[in-house]
Amino acid sequence: MAEKEAAPVIDIEQERKEILKRYRDLLKACKRKLEKGDKEIIRKAFDVALEAHKDMRRKTGEPYIYHPIAVAQICAEEIGLGTTSVVCALLHDTVEDTDITLDDVKGMFGEKVAKIIDGLTKISGVFDQQTNSLQAENFRKMLLTLSDDIRVILIKLADRLHNMRTLDSMKRDKQLKIASETLYLYGPLAHRLGLNAIKTELEDLGLKYTETEIYDEIAKKLADSEPERKKFIQKFIQPINEILKEQGFKVRVIGRPKSIFSIYNKIKFKGVPFEEIFDIFAIRIILDSPIESEKADCWRVYSIVTDFYHPSPDRLRDWISTPKANGYESLHTTVMGPDGKWVEVQIRTERMDELAEKGYAAHWKYKDSPSAVESKENQLEDWLRKIREVLENPEDNALDFIDDFKLNLFAEEIFVFTPQGEMRTLPFGATALDFAFDIHTKIGEKCIGAKVNHKLVPLSHTVKSGDQVEILTSVKQTPKEDWLSYVITARAKSKIKNALKEEKRKVAEEGREILERKFDHLKLDFTVKNINSLQVFLRLPSPQELFFRIAKGAVALKHIKTWIKEKDNPVKIPKSEPTLEQVINQVRGKKAGEDALVIGDNLTKIVYKLSPCCNPIPGDDVFGFVTIGEGIKIHRVNCPNALQMMSNYAYRIVKARWTGQEQISFLAGIKVSGIDEVGLVNNVTKIISSELSVNMRSLNFDTHDGIFEGMIMLFVHDSEHLTSLMKKLKKVNGVLSVSRINPN
Ligand code: MN
C-alpha cells in the first residue's frame with residue numbers, strides 16, 4: 001500500500017522533454033511564416049515565459065507553460081497569425097501572473113509586443129477576476145483599448161479557446177461562469193471576425209458545460225448516424241465527381257455535420273426533433289482554383305451539381321458576388337438528393353474555405369491577390385471604425401450597449417443601395433431611419449420619411465436586401481422619443497439618445513427660468529435648498545428632471561403649493577427598499593456554514609421566489625439571483641435569461657440546491673404531439689390523472705389533418721416525477737414526441 005497522502009509523482013526529466021516537444025511542435029506550426037531572425041525571437045519569448053512560470057502549475061497539475069505554448073499554437077495554426085502574435089501569446093500571462101513587468105517586456109521585445117501584452121493584461125484584469133463591475137462595461141473597455149490592434153482580440157480568443165478546452169478541471173460554478181461568458185461574448189465575437197472554426201468550437205464547448213445532458217445526447221446521435229451519413233455522401237457525390245474530373249476540376253468533397261450548438265438551437269427554438277432536422281450536414285465542394293477564375297469556376301460546379309440534382313428555387317445564396325460583412329464567401333444551394341432528401345451544398349475555393357475557417361488573418365496570406373481582397377481588408381477596417389464610433393458615445397447604461405452590440409453581431413446582413421448606387425451593409429430588420437443614420441447623423445436627425453424603390457414609406461419602414469433608398473429630410477425635423485423603437489442599429493440608437501438628451505437639456509433650461517419666475521411670484525427664494533426640497537417632495541430623480549417637467553407643464557402650480565404647505569412639517573418618509581448591497585449581505589450572512597442557498601426546508605428566513613421565466617421545479621439544476629425588493633429569484637440553469645445574468649451579474653448569483661421536498665406541487669407544462677388515433681386523448685389523460693395521481697390544471701388538444709397536438713399544464717412534485725410521467729406518455733400508441741414547455 002502506498003502512503004496515504006503521497007503527492008502525485010512528478011518526473012521532472014520527463015516533463016522537461018515534454019515541454020521541449022511541445023515547443024518544437026509550435027515551431028513547426030509557425031514554419032510557413034518564419035522569416036530571418038523569427039526563430040530566435042520566438043525562442044527568446046519561450047525561454048522568458050518558461051523561466052517566469054517555472055514554479056506554477058495549472059489546475060490539472062501540469063506545468064503552467066503548457067498553456068501559453070498551446071495558446072501560441074492556436075494563434076499560429078488555427079488563426080494563421082505570425083511571429084509577433086506567437087511571441088505575445090507565449091508571454092500573455094507573464095505580466096499579470098509573474099514578476100515580469102511591462103517595462104521588462106518592452107526592453108526585451110520592443111514597443112509593439114509590449115503594447116499588445118498590455119492590452120491582454122488589461123482585459124484579464126477586468127474580465128477574469130470576480131469584480132463587482134458589470135461585464136458589459138468591461139467588454140466595452142476591452143474593445144475600446146483593443147480596436148487599435150486586432151491581434152489583442154485574436155490572442156484573447158485563442159486564450160479563451162484553450163481555457164474552454166481544458167475546463168474539465170475547474171469547479172462547477174467556475175465552469176458555468178466561464179462557459180456562459182463564452183456563449184454570450186466570445187462566440188459572437190469570433191463569428192463577427194469570421195473565425196468560423198473557433199466560433200463553432202467555442203459554442204459547442206459552451207453548450208457542453210451549460211447543458212451537458214443535451215450536449216451528450218446530440219453528440220451521441222451524431223456519432224451513431226455517421227456511417228449512414230458517409231454512405232449518403234458517397235452516393236450523392238459519385239456521379240458528379242466523374243464529370244468534375246472529366247472537366248479538369250481538382251476538388252475536395254466533405255460532408256460536414258452542423259455544429260452541436262446549431263443543432264441544439266434548431267431543436268430548442270424550432271421544436272424539431274433531431275431525427276427530423278434535414279440539414280444536419282452540408283456537403284461542401286472545395287475547388288483548387290486560381291484566384292482570377294474562381295467565381296466562374298464555382299458557378300460551373302454549381303451548374304454541374306444542378307444538372308444531377310434539382311435545386312430548390314428559393315434556396316440559392318450567392319456570397320461570392322456579395323460577401324458577408326465578416327468576409328465570408330461561398331455559394332450555397334439546396335438540392336433534392338438521391339433519397340428525396342433536401343441537401344445543402346456549399347461550393348467554394350480553397351482560399352474561400354480557409355478564409356471562412358480562419359477569418360481575416362487568412363487574408364494576409366493572399367496579400368498580393370486582386371482588388372477583391374483589398375476591399376475586404378477595408379471592410380474589417382470599416383467594422384472596427386463602426387465599433388469605435390459606438391464606443392466613443394458611451395451610453396449611461398452599458399447593458400444597452402452590449403445588447404445593441406449583440407443584436408448587431410447576431411443579425412444577418414442585408415445590402416441596401418443609395419440613389420447613387422452605393423451599397424451599404426445593414427443588419428437584418430433595419431429600417432429606413434437606420435439607413436439614414438448610417439449615411440450621416442445629420443441626415444438621420446432631419447429624416448421625415450424615405451422613398452424605397454421610388455415609393456414613399458414612413459421612417460419605420462423595414463428595408464430589404466436590394467432596396468434602393470432615398471432619404472427625405474426637413475430642416476424643421478428633430479429626433480423624437482419614439483424613434484428609438486423604429487431603429488435597430490446601435491449607431492442610430494446612440495445618436496438618437498444623444499440628440500434627445502441634448503433636446504431635454506434645452507427644455508430643462510427653459511423650465512428653470514419658468515420655475516424661477518414662479519418662485520418669485522410666491523415670494524420664495526430660488527435656492528438650491530428649496531429646489532432640492534421640491535424635487536425630493538415630488539420624488540423626481542434630479543433637478544434637471546424637475547425643470548423639464550415644469551417646462552412641459554407636468555408639474556403645475558398646485559403641486560408647488562402642496563409642497564409649500566408640507567415642507568415645514570414633513571411627514572415621515574416611507575422606508576425605502578433595501579439596497580442591493582444590503583440584500584447581498586443578508587444572503588451572505590444567512591448562508592454562513594452552508595455552501596449554497598438551500599431551497600426547501602429552511603426557507604423560513606430568506607425570501608425567495610421561483611422565477612416565472614423558466615418555472616423551476618425541485619430537482620432542476622438551479623441557481624439563485626439576488627434582486628432588489630423581491631429577495632432571491634430561483635432560475636433554472638438552462639433558463640433563456642441565465643446566460644445574460646451569469647455573465648453580466650456574476651456577483652449577484654448565489655448557488656442554490658434543493659433539499660428534501662415536502663409534498664408541494666409545482667406547475668409544469670408538457671407538449672404532446674403525434675398521430676390522431678382513436679382513444680389517444682383518452683389514453684393520455686388516463687395516464688396523467690389516474691395512474692400517477694397528479695393534478696391536471698388545464699388540457700388543450702388540437703387536431704388537424706390527422707395530426708394532434710396537446711398542451712397539458714399539471715402539478716407535479718419534482719423533475720423526476722415529471723420525467724417519469726413524460727416517459728409513460730411517450731409509450732402511448734400514436735404519440736410521437738413529448739417535450740417540456742414553459743407553463744406560461
Ligand atoms: Mn491565459
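This report describes a predicted model of a protein, starting with the whole chain and then turning to single sites.

## Overall picture

The protein has 744 residues, and 47% of them count as buried. Its secondary structure consists of 28 helices and 19 strands. The accessible surface comes to about 38,600 Å², and carbon and sulfur atoms account for 52% of that area.

Contacts can also be sorted by how far apart the two residues are in sequence. Among contacts between residues at least 6 apart, 67% join residues at least 24 apart.

## The manganese site

Four residues of the protein supply donors to the manganese ion: His67 and His92, each through NE2, and Asp93 and Asp159, each through OD. These donors lie 2.3 to 2.6 Å from the ion. Along the chain, the donors follow the spacing H-x24-H-D-x65-D.

His67 belongs to helix 3 (residues 66-78) and Asp159 to helix 9 (residues 150-165), so this pair ties together parts of the chain that are 92 residues apart in sequence. His67 counts as buried because its relative accessibility is 1%. Asp159 is buried too, at 6% relative accessibility.

Strand 3 pairs with strand 4 (residues 331-336) in the antiparallel sense, over two bridges. Arg317 has His332 in strand 4 as its bridge partner.

## Salt bridges

Side chains of opposite charge can pair when their charged atoms come close. A search of the whole structure finds 28 salt bridges. One of them joins Arg252 to Glu350, with the closest N and O atoms 3.0 Å apart. This pair links distant parts of the chain: Arg252 is in strand 1, Glu350 is in helix 16 (residues 350-358), and the two are 98 residues apart. Arg252 counts as partly exposed, at 39% relative accessibility. Glu350 is also partly exposed, with a relative accessible area of 29%.

In one, Glu502 pairs with Arg505, and the closest N and O atoms are 3.0 Å apart. Glu502 and Arg505 are three residues apart in helix 21 (residues 490-521), which means that about one helical turn separates them. Glu502 is partly exposed, with a relative accessible area of 35%, and Arg505 is partly exposed at 41%. In the other, Glu545 pairs with Lys504, the closest N and O atoms being 2.8 Å apart. Lys504 is partly exposed, with a relative accessible area of 27%, whereas Glu545 counts as buried at 12% relative accessibility.

Some salt bridges share partners, and such bridges join Arg252, Arg284, Arg348, Glu350, Asp353 and Glu357 into one network.

## A buried leucine and an exposed one

Leu27 is found in helix 1 (residues 12-30). Its relative accessibility is 13%; the cut-off for buried is under 20%, so Leu27 counts as buried. Leaving aside neighbours within four places in sequence, Leu27 is in contact with Lys39 and Ile42. Leu27 and Ala72 are 45 residues apart in sequence, and their C-alpha atoms are 9.8 Å apart in space.

Leu736 is in strand 19 (residues 735-741). Exposed residues have over 50% relative accessible area, and Leu736, at 63% relative accessibility, therefore counts as exposed. Together with Ile675 and Ile707, Leu736 forms a nonpolar patch on the surface, and the three residues have about 290 Å² of accessible area together.

Technical notes: Residues numbered from 1 in each chain as written. Predicted model: local features only at pLDDT ≥ 70, side-chain atom pairs only at ≥ 80, totals over all residues. Heavy atoms only, no water. Pairing = 2+ DSSP bridges. Helix = DSSP H or I, 4+ residues; strand = E, 2+ residues; numbered from the N terminus. Buried < 20%, exposed > 50% of the residue type's maximum accessible area, 1.4 Å probe, protein only. Contact = heavy atoms within 4.5 Å. Patch = residues over 30% accessible without salt bridge, like charges linked within 9 Å, V, L, I, M, F, W, Y side chains within 5 Å. Areas by Shrake-Rupley, 256 points an atom, 1.4 Å probe, with all protein chains shown as cover. Salt bridge = Lys/Arg side-chain N within 4 Å of Asp/Glu carboxyl O. Donors = N, O, S within 2.8 Å, 3.2 Å for Na, K, Ca; no water.
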